[in-house]
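Subject: Structure handover

Hello,

Here is the structure I promised to pass on. Please open it first, then read the notes below.

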Amino acid sequence: MAISLGSGSISALKLGSTAVTKAYLGSTQVFPVASGVASATISTGGFIKFSGGTYATVQRSTSGSGSGATFNIVLDGNTGAATSVSSITAAGSGYAVGDTITLDYTAIADSREITYTVLTVASIS
């Protein structure tokens, strides 16, 4: 049986008694409605042979279908690992909570990157 929400939205979805965290129609995520990145956590700090500081990044790849998010990431000068997301410079679109985003540092040559930094989307806007 089809149910029309009109211009409404679904805030929770269950299949029987099991909560549904993501739903797809073909390859398009339809629940929750994906959007821009509002916050993200570092799930893999990576290792970059470069001096510490804050560096601009772009998406290299993602586990979902989002695109366009850019971030400023703080690198530790001693370990070369990413320690925090200092800012989200563009939220992008099409992301969902739990998506992972592998980053590419735009100001650092690829030859210096040993392992990539990976973020996990914590919330969307």
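**Overall picture**

Please keep in mind that this is a predicted model. The protein has twelve strands and zero helices. Read along the sequence, the pattern is therefore β-β-β-β-β-β-β-β-β-β-β-β. There are 125 residues, and buried ones make up 27% of them. The accessible surface comes to about 7,000 Å². Carbon and sulfur atoms account for 55% of that surface.

How far apart in sequence are the residues that touch? Take the contacts between residues at least 6 apart in sequence: 61% of these join residues at least 24 apart.

**The core**

The largest nonpolar core holds 15 residues. Which of them touch the most other members? They are Val-37, Phe-71, Ile-73, Ile-101 and Tyr-105. As a rule, nonpolar side chains in soluble globular proteins tend to be buried together.

Leaving aside residues up to four places away in sequence, Phe-71 touches Val-37, Ala-40, Tyr-55 and Ala-56, among others. Its contacts also include Val-85, Ile-88, Ile-101, Leu-103 and Leu-119.

**Strand E10**

Next, look at E10. Why is E10 described as largely enclosed by the rest of the structure? Because five of its six residues are buried.

E10 pairs with strand E7 (residues 53-62). The two run antiparallel, over five bridges. In this pairing, Ser-61 stands opposite Thr-102 of E10.

E10 also pairs with E12. That pair is antiparallel as well, and three bridges join the two strands. Here Ile-101 has Leu-119 in E12 as its bridge partner.

**Asp-104**

One more residue in E10 deserves a look: Asp-104. Is Asp-104 buried or exposed? Its relative accessible area is 17%. The cut-off for buried is under 20%, so Asp-104 counts as buried. Which residue does its side chain meet in a polar contact of 3.3 Å? The partner is the side chain of Arg-60.

That is the handover.

Best wishes

Key: Residues are numbered from 1 along each chain as its sequence is written. This is a predicted model: local features need pLDDT of at least 70, side-chain atom pairs count only at pLDDT 80 or more; totals for chains, interfaces and linings use all residues. Side-chain values use heavy atoms; hydrogens and water are left out. Helices (H or I, at least four residues) and strands (E, at least two) are DSSP runs, numbered from the N terminus. Buried means under 20% relative accessible area, exposed over 50%, partly exposed in between (1.4 Å probe, protein chains only). Contact means heavy atoms within 4.5 Å. Accessible areas come from the Shrake-Rupley method with a 1.4 Å probe; for residues, only the protein chains shown count as cover. A nonpolar core is a set of buried Ala, Val, Leu, Ile, Met, Phe, Trp, Tyr and Cys residues joined through side-chain atoms within 4.5 Å. A polar contact is a pair of N or O atoms within 3.5 Å; within protein, one must be able to donate a hydrogen and the other to accept it, and residues adjacent in sequence count only if both atoms are side-chain atoms. Two strands pair if DSSP finds at least two bridges between them.
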